[in-house]
Amino acid sequence: MNCIRCLVEGRVQGVFFRAATKQEADRLGIAGHAVNLPDGRVEVVARGTEDALGRLRRFLHEGPPQASVTAVSCAPWHADSVRDGFRTG
């Protein structure tokens with residue numbers, strides 16, 4: 001399993017971005033979390049197969065219809081820090 005941490009910028013808070021990300025992660029069998037950051041970004045930490053993470057990354061660039069994503073930056077992350085399941089917080 002691989003693990004990544006992505007920071008998503010734009011209009012991504014208050015537009016169901018985290019809920020939509022959880023739905024997509026659950027569909028792809030990805031563990032991790034999506035949380036709002038104080039600076040307006042959303043942090044997504046995800047653990048899964050390379051294929052599933054690639055699909056999630058593509059989703060993060062678009063988000064739900066209400067969102068307006070302007071940038072996504074992802075980097076490898078520590079897989080042992082991720083619990084099973086996907087949560088929002």
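Biologist: How many bridges join strand 1 to strand 3, and do the strands run parallel or antiparallel?
Modeller: Strand 1 and strand 3 run antiparallel and are joined by 7 bridges. Strands here are DSSP runs of E with at least two residues, helices are runs of H or I with at least four, and both are numbered from the N terminus. Two strands pair if DSSP finds at least two bridges between them.

Biologist: What sort of model is this?
Modeller: This is a predicted model, in which local features need pLDDT of at least 70 and side-chain atom pairs count only at pLDDT 80 or more, while totals for chains, interfaces and linings use all residues. Residues are numbered from 1 along each chain as its sequence is written, and side-chain values use heavy atoms, with hydrogens and water left out.

Biologist: Back to the sheet. Which residue stands opposite V42?
Modeller: V8 stands opposite V42 of strand 3.

Biologist: And strand 2, how does it pair with strand 3?
Modeller: Strand 2 pairs with strand 3 in the antiparallel sense, over 6 bridges. In that pairing, H33 is opposite V45 of strand 3. The hairpin of these two strands has 5 residues between the strands, and G40 in the hairpin takes a positive phi near 100 degrees.

Biologist: How many residues of strand 3 are buried?
Modeller: 7 of the 7 are buried, so strand 3 is largely enclosed by the rest of the structure. Buried means under 20% relative accessible area, exposed means over 50%, and partly exposed is in between, with a 1.4 Å probe and protein chains only.

Biologist: Which residues point which way?
Modeller: V42, V44, A46 and G48 point one way from strand 3, while E43, V45 and R47 point the other way. All of these are buried, the charged E43 and R47 included.

Biologist: Changing topic: what is the length of helix 1?
Modeller: Helix 1 covers residues 17–28, which is 12 residues. From first C-alpha to last it reaches 16 Å, close to the expected 16 Å. The expected span is 1.5 Å times one less than the number of residues.

Biologist: Which of its residues are buried?
Modeller: The buried residues of helix 1 are F17, A20, T21, E24, A25 and L28. They lie on the same side of helix 1 because they cover an arc of only 135 degrees around the axis. That arc is taken from the directions from the helix axis to the C-beta atoms. On the other side of helix 1, Q23 and R27 are exposed.

Biologist: What does the buried side pack against?
Modeller: The buried residues of helix 1 pack against strand 1 (2–11), strand 2 (31–36), strand 3 (42–48), helix 2 (50–60), strand 4 (68–76) and strand 5 (86–88). Contact means heavy atoms within 4.5 Å.

Biologist: What happens just after helix 1?
Modeller: G29 takes a positive phi of about 75 degrees there.

Biologist: How many salt bridges are there?
Modeller: The structure holds 6. A salt bridge is a side-chain nitrogen of Lys or Arg within 4 Å of a carboxyl oxygen of Asp or Glu. One of them is K22 with D26, whose closest N and O atoms are 2.7 Å apart.

Biologist: How are K22 and D26 placed in the helix?
Modeller: K22 and D26 are 4 residues apart in helix 1, so about one helical turn separates them. K22 is partly exposed at 28% relative accessible area, and D26 is partly exposed at 41%.

Biologist: What about E24?
Modeller: E24 forms a salt bridge with R27, with the closest N and O atoms 2.8 Å apart. E24 is buried at 16% relative accessible area, whereas R27 is exposed at 57%.

Biologist: Which salt bridge does R55 form?
Modeller: R55 forms one with D51, at 3.1 Å between the closest N and O atoms. Both lie in helix 2, 4 residues apart, about one turn of the helix.

Biologist: Last one, the core. Which residues touch the most other members?
Modeller: In the largest nonpolar core, with 23 residues, these are V8, F17, I30, V42, V44, L56 and L60. Helix 2 gives the most to this core, with 5 residues. A nonpolar core is a set of buried Ala, Val, Leu, Ile, Met, Phe, Trp, Tyr and Cys residues joined through side-chain atoms within 4.5 Å.

Biologist: What is I30 in contact with?
Modeller: Leaving aside neighbours within four places in sequence, I30 is in contact with A25, A46, R47, A52, L53, L56, G85 and F86.
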